[in-house]
Every structure is written in structure tokens, then in C-alpha cells.
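Visitor: I have the sequence and the 3D view open. Can you walk me through what is there?

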Amino acid sequence: MAGRRLSLRTIVFFGGATLMLVPAIVTATLYAAALQQRGEQLEAEKLTIRGDLSAGLLARRLYGVWMDVARLATLIDPSNPASARDEIQFMSRLDNRYSWLGITDLKGKVLAAKDGMLEGESVAQRQWFRRGLDVTSAIDVHEAQQLGNLLPASPDAYRFIEMAAPLQRGSSVAGVIGAQLNWKWVAQGLESLQASGIEVLLLSRDRVVLFGPPDLINKPLNIGSAHAANRVTTSFLSERWPDGKEYFTVVVPTIRYVDLPSFGWSLLIRQNANDAMAGTRALVRSFWVILGAGALTALALLFLAAQWLGTPLRRLSEAAEALLHDPKSGVPYSETRFEEAARLSNALIRIQSRLMAAFHNEK
């Protein structure tokens with residue numbers, strides 16, 4: 001026996017649904033992907049702008065201290081240690097950025113310093129002193145050496161950035177002024193650059209985290225963004241970090257302003273990818289919900305349309321089958337919904353009339 005054929009209603013409904021939904025779903029999928037991509041681009045632009053601004057602000061803050069040290073080198077007279085000590089003490093009270101501030105003679109002996117720390121001792125072997133004999137210089141952050149027993153115990157109390165400049169007297173160098181910039185001041189400046197959900201990380205030349213989440217500080221960072229810090233341009237990456245979470249990360253490879261010496265630092269600006277894309281994903285979900293609601297409405301209307309088209313043909317088919325068994329069966333329903341059904345209805349009525357006429361003639 002031949003298999004059961006599909007009804008017109010089924011063909012119209014499923015055929016129409018396929019022709020309607022397949023293009024809609026393909027187009028919607030491409031649109032949602034484009035929307036997702038655009039959301040990532042906007043996040044990248046936002047983080048890049050924040051990264052460039054953060055690097056610029058940090059560099060300017062350091063440059064301001066560096067220039068202050070250079071100016072002090074022109075104001076303090078190493079030939080009068082008592083007066084120099086008073087000036088240094090006055091500056092220290094005005095500016096709490098310095099853990100240590102002092103001047104030395106050409107042999108590295110400390111002549112005057114903040115709170116008298118290290119006075120009379122030699123700093124001739126210190127890098128800042130040797131560099132400061134020639135030019136205004138800055139030394140990357142490191143742990144305290146000679147000041148370890150002289151400073152109060154507190155977080156970051158023993159970490160400094162050292163700056164130095166030659167004490168010029170006329171055309172000759174009379175000594176060196178040195179300053180140890182408290183790392184806590186640098187960390188506070190970096191904290192002020194962070195925003196809700198956005199973290200700023202400072203990396204050393206060796207990719208060690210100098211500032212950032214507590215679980216990463218003083219640890220080497222071996223991920224793609226850290227290795228990208230050696231590039232010459234700002235870059236954006238989406239990658240998994242050691243905590244197992246996906247982050248959007250912008251790498252600012254250099255922190256530089258005017259002629260401030262480079263420490264080899266780089267900035268990483270990161271944001272949890274799920275948090276960053278939450279708004280875009282909510283928009284995509286809303287889009288799919290609206291599309292789904294529209295599709296369900298369209299399917300319901302398509303079902304009613306298929307029902308409307310199939311009903312006349314079903315009634316005419318039933319009437320034709322009835323005529324085969326009994327020409328005197330009821331008059332076929334006069335279909336008027338569409339032309340083809342009306343013509344078929346009229347034809348069946350005429351056929352029934354002829355069959356009835358032939359039946360009476362035979363009698």
C-alpha cells in the first residue's frame with residue numbers, strides 16, 4: 001500500500017516555517033555574532049583608553065618627583081650641612097613621599113639627611129650615588145638596604161624608587177642629592193587609577209607583578225599579555241589567567257613622559273570577560289527572546305493560514321469520495337475562500353447533477 005501522503009496543511013505549515021525561519025535564524029546568528037564582536041571592540045577601546053591614561057598619569061606623577069629632586073639639587077648648598085639639613089627637614093614635612101632625602105659629598109659620605117638617617121655613613125657603593133654624580137637619574141623599585149633598621153615597620157615601608165641628581169656649584173659637581181621615594185605612594189597612585197571591575201597591574205622588566213591583585217604581587221606572570229609587554233605598541237588580548245578566569249587585557253608596553261628614565265615597566269589593564277560582556281550578552285539574549293516571540297507568533301499565524309487553505313480542499317475531497325459511493329449524497333459545500341476551491345466546488349456540483357440525471361434516465 002502506498003505510504004500516506006502529506007496534507008496540504010502540513011506542507012504549507014512546515015514548508016512555510018522552513019522558508020521563514022531558516023533565513024531568519026541564519027541572519028540573526030550572523031547579527032548576534034557581529035553584535036558580540038562589536039561589544040568586544042568597544043571594551044577593547046575602553047580599556048585601551050584607560051590604559052593609556054593610566055600610564056600617562058603614573059609617568060607624570062613620577063616625573064614631578066624627578067623634577068623636584070632636580071630642582072632641589074640647585075637649591076641646597078652642600079657646603080653648609082646645617083642649613084642643608086634644615087631645608088631637607090622642611091621639605092620632608094611638606095612632602096611625605098620621601099622615605100629618605102639627603103645629600104652627600106663627592107666621596108659618598110652623607111652630609112645631611114631627613115631625620116639624620118645615615119648621616120656620616122657612606123653610600124659610595126649605591127647605584128643612585130654613582131649615577132647621580134653625572135646626571136639626574138632614577139633607579140627601579142627595590143628593597144631597602146641601609147635603611148632597613150631605621151624605618152618603621154609597615155607594608156611597603158622597605159621598597160623604594162631611588163632618584164638622584166648632581167649638586168652643581170658653578171661648573172663643577174659638589175656632591176649628590178638622593179631621594180628614596182616610598183613605594184606606598186606609588187601604590188596609592190595606582191589604586192586611584194582602578195575602577196569598579198577594572199584592575200591595573202604594574203609589571204617589571206622581568207614580568208614580575210609590582211602592583212595588582214594580592215595573589216599576584218611579587219610573582220612572575222607567564223601569560224600572553226605579560227610576554228606582549230615587550231612589544232612597542234599597545235595591544236589587546238582575551239585570555240585565561242592563573243585564577244582560571246577569562247579576562248580582557250590591554251597591554252601598555254611603556255610608561256614614559258618627556259625625558260623621565262624608563263624603568264622597563266609596563267601596565268596591564270584587565271577586566272573579567274563575563275563582566276565586561278554582560279551588557280552585550282543581555283542585549284543578545286533580549287534579541288533572541290524577541291525573535292523567538294516573533295517566530296512563535298508567525299508560526300501560529302502560519303498554522304491558521306494552512307488551516308484556512310486546507311479546510312476547503314478537505315471538504316471537497318470528502319464530498320468527491322462520497323459521490324463515488326452515492327451520487328445522491330448531499331450537495332458539496334459551495335467553497336468561496338479562493339478561486340481554485342470555488343471552481344472545484346462548482347465542478348463537483350455539476351458532476352453530481354449529471355450523475356443524478358443519468359441515474360433518472362436509466363430508470
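Guide: One term before we start: two strands pair if DSSP finds at least two bridges between them. Helices (H or I, at least four residues) and strands (E, at least two) are DSSP runs, numbered from the N terminus. This is a predicted model, where local features need pLDDT of at least 70 and side-chain atom pairs count only at pLDDT 80 or more, while totals for chains, interfaces and linings use all residues. Residues are numbered from 1 along each chain as its sequence is written, and side-chain values use heavy atoms, with hydrogens and water left out.

Visitor: How many bridges join β8 to β9?

Guide: β9 covers residues 246-252 and runs antiparallel to β8. Along the pair, S235 has V251 as its bridge partner, and R240 stands opposite E246. The number of bridges joining β8 to β9 is six.

Visitor: Which residue in the turn of that hairpin has a positive phi?

Guide: β8 and β9 form a hairpin, with five residues between them. The positive phi, about 85°, belongs to G244.

Visitor: Which strands stand at the edges of the sheet?

Guide: The sheet is open and antiparallel, with five strands in the order β7-β6-β10-β9-β8. An edge strand has a single partner, so one side of it is left without a neighbour in the sheet. The strands in that position are β7 (209-211) and β8 (235-240).

Visitor: At roughly what angle do the axes of α1 and α7 cross?

Guide: Axes are lines fitted to C-alpha atoms, for helices over the stretch in contact, and angles run from 0 to 180 degrees between N-to-C directions. Angles under 35 degrees count as roughly parallel, over 145 as roughly antiparallel, 65 to 115 as roughly perpendicular and the rest as oblique. The axes of α1 and α7 (residues 278-325) come within 9 Å, and they cross at roughly 170°. That makes α1, relative to α7, roughly antiparallel.

Visitor: What is the relative accessibility of T280?

Guide: T280 sits in helix α7. Contact means heavy atoms within 4.5 Å, and, leaving aside neighbours within four places in sequence, T280 is in contact with L35, Q36 and G39. T280 counts as buried because its relative accessibility is 16%.

Note on methods: Buried means under 20% relative accessible area, exposed over 50%, partly exposed in between (1.4 Å probe, protein chains only).
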